[in-house]
Amino acid sequence: MSMSEESVEPRGGRAVAGPSGTVAGGGAADVPPPDPVGRLAATVERLRREVRAAHREAEGRALVELAKGILVERLGCGPAQAARQLTGLAEQAGVTPLEFAVEVINRSARDRMSEVTEAFLAATADPGGPADPGVPEGGSAAVRLRTAESGALAAGDTQAVADSLLQHALHPLGAVAVAIWAAGPDGSLTLAGSAGFSPAEAARWRYVPPDVATVARRTLTGRAGQWITSPARTGLPTVGRGLYPEGGRVALPAGTGGRVHGVLEIAWAVPLAPQPPRVVRQIEALAELCAHTLETSPPEPEAGRGPRPLLPDTAELMDLADGLHDPALVLVPHLDASGQLVDFRIQHVNSRFLDPAGRPRAVVNGALLLEAYPLAAGDGDLFRQVERVYATGEPFRAHRVQLTALVDQVPLSAVADISVSRHGAGVLLIWRIEDETARLASLLQHAQRLGRVGGFEENLLTREITWNGQMFALYGRPPSSAPVPLEELAAHAHPDDAVAIGRFLRTLLHGCRPASAAFRLQRPDGVTRHMRVVAEPVLDPDGRLFAVRGAYQDISAQHWTEVALAATRDQLAHTEQRADERNRLTLQLQHAIMPPEQAPLRMPSLQVAVRYRPAETEQLVGGDWYDAVVLPSRRVLLCVGDVAGHGMEAATSMVVLRNALRGLAVTGAGPGQLLSWLNIVAHHLTGAVTATAVCGLYDPATRTLRWARAGHLPPVLVRGSDATALPLVRGMLLGAVPEAVYEEDEVQLAVDDTLLMYTDGLIERRDRPLEESLTHLLTTARTAPRALDKQLDRLLTYSRSDTDDDTCIVGIRVV
């Protein structure tokens, strides 16, 4: 019969479910044949369940056998009785034999695994140790942890450890992959084992060179765990980042006794939420288990990178220290009762060791590092650096570190260069204490070179002369040549300096007193240098001269600097004198043309007053000018102007424009035409100067004022308690273009009206717009005294100008 024709027969009258899900039973008719694919799938699923159960049984058998051994030792019974005892106690407790076996192991071991398990059980509601919430399989935390530990201890290499950790302890926590990194002595990382990553990804990350920033590398150098929500947010590459781009990561240092052997990195497929403390403690226990594995099973060397160097033991490290030419100490870790690193013991000091406090080597040898040097935790944090080197294997070097030792509670310190490196189980600390004498000699040599100073000593009895290297450079002679005696100094100097050199030698050699002299040294290369020699006599106990010592200094740069400064001072003095004379002539010219307070004219129906305030600084004498004159037509010419610039040029240009306007006004032309002609004069006949001006013609018979402006501020009319600026008319400044047209305006004045013309020196400020300053002028003019002279004085007094420029004011009042 073929498989497709096979049917399911009832047994003992019971209905049997076929693979297709139909029910076959007594009396049933037309039952469809079973589905062969469904039957095969059911068989495969049954076999898979049986394999998983067999694996769990095999994994737990080691723990059960270990618990039986503990009962044999504690109860003094045989293996069979211990097995019966274990089974009976498990039934009484209502747990499986495997769970009870783990409880026996935890009570007996009292290790890190048992501590984590007890903390986990204490945090859960069921004291019997239920499985983690949301975990369908895996049993209690105690079983998972002990099963993972058993699998790791039984594994032949680190790869098997990774498989065991992922299967027994991490899969129930939702993790999808794990990587165990081994730290090399040079700070590199080797992927010693991984699970959950593809073979190609694991091969690509087999070796990470030193100083390459990764998640595991940052954990190694920081010696602190990292709980990362998503590796993409850190910006650091890591194994499997492309496979799980949004998954969470946990990276913990795997170390024991203060030494980090590697890093345990765990990956999740989804972002990692904050984990409860019990899960954190479980993962930390797994990291410690990895540390023991890495310590006992170092990874194999990577293909193509050569054999892994053998780490020397402490004896070999002591031999290495004895062969060094620098002082060296061999340090070994000192652990407390709980296995934590608390200090380093000085196992050995070599023969070149120099203690900063001068203590013999026997006192330091064998002592704890913080006992011999208690301030090492503060002197550049030396102890922390030694601890970090021992933990990570990454060497440390620093220059000019302060070393301090306490002797009888008195701190004695020295400056040294430090080198710290890990070799096997020990740390090699090398320091080179700085030689203060050699350092000062080096500083002196550099100072002599920079200052172009050379030293000498001459024995007058033996005729032996000693020069340093800088002396030969000053003289321009090779170091192999003979030094020049003092008695032959004049032969190497300029002839005009023979008198000064002779006076120097007589004071030094015959008067036996210190002496100095400046002279011009003529070198063999034809270069003449200005030198200064300073020397002192050396006397014997009987007071007789037997040696001379001193120094030469090249002062050529100083000499030529002094010459240049003297010439500059003379030139500046001459320039200042000419400037003073020029400013004085400018002021005299200005005051001669425009007396500061003299009224230019007097008329029965018109009061005229002027004020001129020169610049506060004489160098800023400008080209401000004013004029008020009665013309042959009996009209009055009123004008103010300001020539751009300061000094003699501005003053002379002002005189030209003022006199030109006077001459043009006798033609009878209006103010607009006068300014048009004055613009031609400014552009063509005065060196292309520029200026601003306001020109007005007042007719006393009609009391009218016709006025025009060339880029100047408008006049101000004060009538009663009101002050306003006349409306602006168009007109560009003088001298800007060859020809220009200027508009005119006319204003009718009344009795007691006051008209003010002024230059910008009255109101201009650097920090405010011109409109604001003009508003302040109008406010001041409204409250001015009745008398015209006092009104102009008040305007000058309350002026807010800060430009230090000249100021002209012309005021007229109709009476």
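**Exercise 1. Determine where Arg223 lies and whether it is buried, partly exposed or exposed.**

Step 1. Arg223 belongs to the loop between α8 (215-222) and β6 (226-228). Helices (H or I, at least four residues) and strands (E, at least two) are DSSP runs, numbered from the N terminus. This is a predicted model, in which local features need pLDDT of at least 70 and side-chain atom pairs count only at pLDDT 80 or more, while totals for chains, interfaces and linings use all residues. Residues are numbered from 1 along each chain as its sequence is written, and side-chain values use heavy atoms, with hydrogens and water left out.

Step 2. The relative accessible area of Arg223 is 29%. Buried means under 20% relative accessible area, exposed over 50%, and partly exposed in between (1.4 Å probe, protein chains only). Arg223 is therefore partly exposed.

Step 3. Arg223 is not a glycine, yet it has a positive phi of about 55°.

**Exercise 2. Describe the surroundings of Tyr475.**

Step 1. Tyr475 is located in helix α16 (residues 469-475). Its relative accessibility is 2%, so Tyr475 counts as buried.

Step 2. Contact means heavy atoms within 4.5 Å. Leaving aside residues up to four places away in sequence, Tyr475 touches Trp467, Val484, Leu489, Leu521, Arg523, Pro524 and Tyr552.

Step 3. The side chains of Tyr475 and Tyr552 make a polar contact (3.5 Å). A polar contact is a pair of N or O atoms within 3.5 Å; within protein, one must be able to donate a hydrogen and the other to accept it, and residues adjacent in sequence count only if both atoms are side-chain atoms.

**Exercise 3. Classify His261 as buried or exposed, and list what it touches.**

Step 1. His261 is found in strand β8 (residues 259-268).

Step 2. With a relative accessible area of 13%, His261 is buried.

Step 3. Not counting residues up to four places away in sequence, its contacts include Trp181, Thr256, Leu294 and Glu295.

**Exercise 4. Describe how helices α19 and α20 pack.**

Step 1. Two packed helices are described by the angle between their axes and the distance between the axes. Axes are lines fitted to C-alpha atoms, for helices over the stretch in contact, and angles run from 0 to 180 degrees between N-to-C directions.

Step 2. Helix α19 (residues 648-665) and helix α20 (residues 671-684) pack at about 140°, with axes 10 Å apart. Angles under 35 degrees count as roughly parallel, over 145 as roughly antiparallel, 65 to 115 as roughly perpendicular and the rest as oblique. The helices α19 and α20 are therefore oblique to each other.

Step 3. Val656, Leu657, Ala660, Leu661, Leu664 and Ala665 of α19 make the contact with Leu674, Trp677, Leu678, Val681 and Ala682 of α20.

Step 4. By class, this contact has 11 nonpolar, no polar and no charged residues. Ala, Val, Leu, Ile, Met, Phe, Trp, Tyr, Cys and Pro count as nonpolar, Asp, Glu, Lys and Arg as charged, and the others, Gly among them, as polar.
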